[in-house]
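Please open the model in your viewer and keep the selection panel at hand. The stops below say what to select and what is found there.

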Protein chains: 2
Amino acid sequence: MDISKRIQRLKVSPVRKLNPYAEDALKRGIKIYHLNIGQPDIETPKIFFEAISKYNGTTLRYEHSRGLALLIDRIQKYYEKLGIHYDVEDIVITSGGSEAISFAMLAIFDEGDEILVSEPLYANYKSFYDVFDIKYNAVRTYAEDGFHLPSREEIEKHITPKTKAFMLANPSNPTGVVYTKREMDDIAYIVKKYDLFLISDEVYREFVYGDRTAISFGTYKDIEENVVIIDSISKRFSACGARIGCLISKNKKLMTAVFRECQARLSLPTLDMLGAVALYELPDHYFDAALKEYDYRRKIIFEELNKMEGVVAREPEGAFYVLAKLPVKNAEDFIIWLLKDFNINGETVMFAPAEGFYATEGLGKDEVRISYALDSNDLKKAMNILREALIKYKEVEK
Amino acid sequence: MDISKRIQRLKVSPVRKLNPYAEDALKRGIKIYHLNIGQPDIETPKIFFEAISKYNGTTLRYEHSRGLALLIDRIQKYYEKLGIHYDVEDIVITSGGSEAISFAMLAIFDEGDEILVSEPLYANYKSFYDVFDIKYNAVRTYAEDGFHLPSREEIEKHITPKTKAFMLANPSNPTGVVYTKREMDDIAYIVKKYDLFLISDEVYREFVYGDRTAISFGTYKDIEENVVIIDSISKRFSACGARIGCLISKNKKLMTAVFRECQARLSLPTLDMLGAVALYELPDHYFDAALKEYDYRRKIIFEELNKMEGVVAREPEGAFYVLAKLPVKNAEDFIIWLLKDFNINGETVMFAPAEGFYATEGLGKDEVRISYALDSNDLKKAMNILREALIKYKEVEK
């Protein structure tokens with residue numbers, strides 16, 4: 001009785017792999033600032049819970065496999081505001097963005113097919129690629145360039161006859177990059193030229209800072225049959241524990257296939273979908289306060305990191321992450337040391353080692369993903385701990 | 001841009017494939033008795049909704065990937081009552097039984113590996129086998145035998161060097177069979193002898209009639225490393241729309257792998273898990289009323305079917321299905337005719353064509369799955385419509 005080879009390819013999440021050290025630290029009474037996890041601390045709008053408590057059905061039945069019709073309607077209206085019209089048949093509700101990714105992978109790729117990605121990339125993408133035996137071909141991006149894409153020609157070099165899709169997150173987890181119009185035009189050109197699907201994870205769409213805007217690939221008319229949008233309410237409305245996302249595409253063949261995947265898993269939680277309906281009815285200015293808060297935190301992080309000797313971090317542009325290069329040989333060892341051997345007045349800090357976000361073995365060893373989904377006072381304390389720790393760790397590493 | 005071959009193997013669900021005909025009938029003002037779908041009509045206990053409305057958190061965070069600790073505790077206690085002790089590490093909460101099946105498939109089978117099943121089988125199993133490229137080798141069972149298993153020797157003939165697991169539902173959807181102790185002993189003997197996983201779908205555990213009991217394969221100490229239990233609250237507590245299930249096994253290697261699958265999809269809906277906790281706290285006698293009701297319906301169905309000429313249906317033993325052989329050439333055509341061309345005072349009836357529940361092409365063409373998760377008065381009316389329809393259809397088929 002052996003378990004499958006495909007499941008053995010699944011790696012432990014870099015975000016969670018050091019949890020045992022954190023649990024040990026907690027037991028010793030250490031307070032940890034968790035900058036390792038992308039869990040927004042902003043309150044879930046009360047309207048979500050209110051909508052659920054208004055449910056007056058008696059039997060909680062299987063909902064339609066595509067999702068609650070009312071929720072699909074609200075998502076259509078949301079996209080209309082972005083200038084994109086989607087038909088009901090273009091949308092399926094999914095269990096968070098995760099299920100949308102899983103559905104897209106199964107519907108597009110056979111075993112051994114290739115996906116084009118940029119690295120570093122969201123570690124859970126790799127879980128799905130690995131378990132479904134999708135090979136990934138990664139275009140490298142660098143901390144020094146703020147993780148922006150290389151030239152079109154450089155990207156094209158990574159395309160092979162087996163490449164079926166390009167996938168990216170915009171704004172990006174884990175890098176915080178927001179792609180420019182020029183970069184997006186390049187990608188659109190490439191997917192058109194090579195007849196690829198373009199899987200665009202836009203769950204952080206609203207989290208964009210400065211004078212930037214996150215353009216949706218849904219607005220690219222010329223490639224509308226290529227584009228597959230991954231979306232979710234988790235970050236948008238601070239509702240990670242609702243597990244409501246969606247997959248959107250105007251590619252009819254793809255959506256017919258995806259709908260069969262929906263049928264195989266029957267349906268999604270009715271109550272959470274009702275809650276999500278209410279969230280999509282929030283006024284547009286709902287995002288203003290959250291965005292202002294994240295922008296403030298982003299500035300704290302960026303300023304503090306740039307004061308530290310040997311740290312490389314460009315200005316975060318979107319989402320709530322920054323991928324920083326630290327003056328350490330091995331970031332994972334450093335984080336373990338932070339949890340085991342270091343504290344300031346009983347407090348320490350935790351990051352996600354960036355190695356797990358790379359596709360290529362051996363890259364990112366001196367980098368960490370820092371999430372700033374944390375109260376600004378705590379963030380300041382956490383940055384202070386990091387600065388002191390880096391100074392002390394120099395001696396430890398010698 | 002082609003979609004994948006694996007997704008093209010996915011068939012439309014036999015339970016839902018005739019829905020367009022039903023929608024048309026509805027538009028024409030026809031009332032349909034839906035005996036095609038396994039949706040209990042029993043009320044979801046109010047305690048489920050009450051527990052959810054008591055939630056007083058402010059941010060709906062990602063729960064632990066394994067599931068809410070409190071829910072795992074309640075599931076442990078539930079199994080203790082069945083005489084089975086499970087550790088926390090033996091259980092993961094899943095999005096309905098469906099996700100548990102999907103997790104088991106990925107963790108056990110590589111592409112091209114074989115699974116041993118009995119046919120007819122639950123159609124959604126096939127969806128997961130097909131999309132993950134698992135070959136199925138089916139032991140045939142017959143309406144005339146009430147779909148009980150053939151001899152051990154007959155089953156063993158279907159085992160090949162590529163067989164990695166035996167999978168069955170007990171009580172069974174779609175056949176309503178409850179396996180006897182002797183049949184279960186045979187299965188246990190086989191999985192031990194050939195070193196197979198035994199995937200036992202026990203979501204209908206409580207729905208057993210007469211003097212039968214549904215024994216859990218979890219009680220078989222000798223094969224505890226082989227056994228993987230699929231479970232769910234959907235039928236047990238009439239909570240299909242909560243999408244809460246679980247996967248249970250004492251096989252540590254398997255559960256380590258399954259836990260990584262949990263991490264890849266992050267977490268499950270917090271509120272539905274809280275509701276499920278409350279359901280598991282219901283007193284044992286909760287099932288008495290539901291069981292009595294289903295038993296009554298089962299008798300109606302069985303008696304009525306046996307009055308109809310040419311219908312073959314043994315006494316349903318468990319779950320809320322009966323798979324009946326009808327005196328028609330093609331049951332799917334018959335159901336379409338029921339929806340398009342037949343009604344009694346504006347009412348008709350819908351079943352699931354059984355062909356989609358068979359693994360072998362061409363079998364089950366004259367069979368239907370009849371679900372009796374419907375009020376007994378409606379059931380009687382539905383049976384009356386079926387009887388009249390069968391008489392009339394004889395002429396149509398000529």
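Predicted model: local features only at pLDDT ≥ 70, side-chain atom pairs only at ≥ 80, totals over all residues.

Begin with both chains shown in separate colours. Chain B is superposed on chain A by a rotation of 180 degrees with 0.0 Å of shift along its axis, at an RMSD of 0.0 Å, and that is the relation of a two-fold axis. To find the axis from chain B, select Ser53(B), whose C-alpha is the nearest of that chain, 2.8 Å from it. The same surface serves both copies, since 100% of the contact residues of chain B recur in chain A.

Next, select Glu99(A), Ser102(A), Phe103(A), Glu99(B) and Ser102(B), which lie nearest the centre of the largest cavity among the 32 residues of its lining. This cavity has a volume of about 520 Å³, and its lining is made up of 16 nonpolar, 9 polar and 7 charged residues. If you then show helices H5 (96-108), H6 (123-131) and H9 (252-264) in chain A and in chain B, you will have the elements that each supply at least two residues of that lining.

Now move to the largest pocket, with a volume of about 1,100 Å³, by selecting Arg16(A), Asn19(A), Glu23(A), His64(B) and Ser65(B), the closest to its centre of the 36 lining residues. Helix H2 (19-27) of chain A, together with helix H4 (69-81) and H9 of chain B, each supply at least two residues here, and H9(B) gives the most, with 6 residues. The lining counts 15 nonpolar, 10 polar and 11 charged residues.

For the second largest pocket, which holds about 940 Å³ of space, select His64(A), Arg16(B), Asn19(B), Glu23(B) and Ile37(B), nearest the centre among 31 lining residues. Two or more residues of this lining come from each of H9 of chain A and helix H2 (19-27) and strand E1 (31-34) of chain B, and H2(B) gives the most, with 5 residues.

Finally, select residues 33-384 of chain A, which an unreviewed UniProt entry annotates as "domain: Aminotransferase class I/classII large"; over this range the chain is 36% helix and 16% strand. In chain A, look for the open sheet of 3 strands in the order E9-E12-E11, with antiparallel pairing. Strands E9 (321-325) and E11 (352-353) stand at its edges, each with a single partner strand, so one side of each is left without a neighbour in the sheet. E9(A) is joined by 5 bridges to strand E12 (residues 367-371) of chain A, and Tyr321(A) stands opposite Ser371(A) in E12(A).

Technical notes
Residues numbered from 1 in each chain as written. Chains lettered and ligands numbered in written order. Heavy atoms only, no water. 1 Å grid on protein atoms, 1.4 Å probe; cavity = no way out; pocket = protein on both sides within 12 Å on 5 of 7 lines; lining within 4 Å. Points joined across faces, edges and corners; volume = space filled by probe spheres on them. Helix = DSSP H or I, 4+ residues; strand = E, 2+ residues; numbered from the N terminus. Nonpolar A, V, L, I, M, F, W, Y, C, P; charged D, E, K, R; others polar. UniProt positions renumbered as here; feature names shortened; annotations may be inferred. Pairing = 2+ DSSP bridges. Least-squares fit on C-alpha atoms with pLDDT ≥ 70 in both. Contact = heavy atoms within 4.5 Å.
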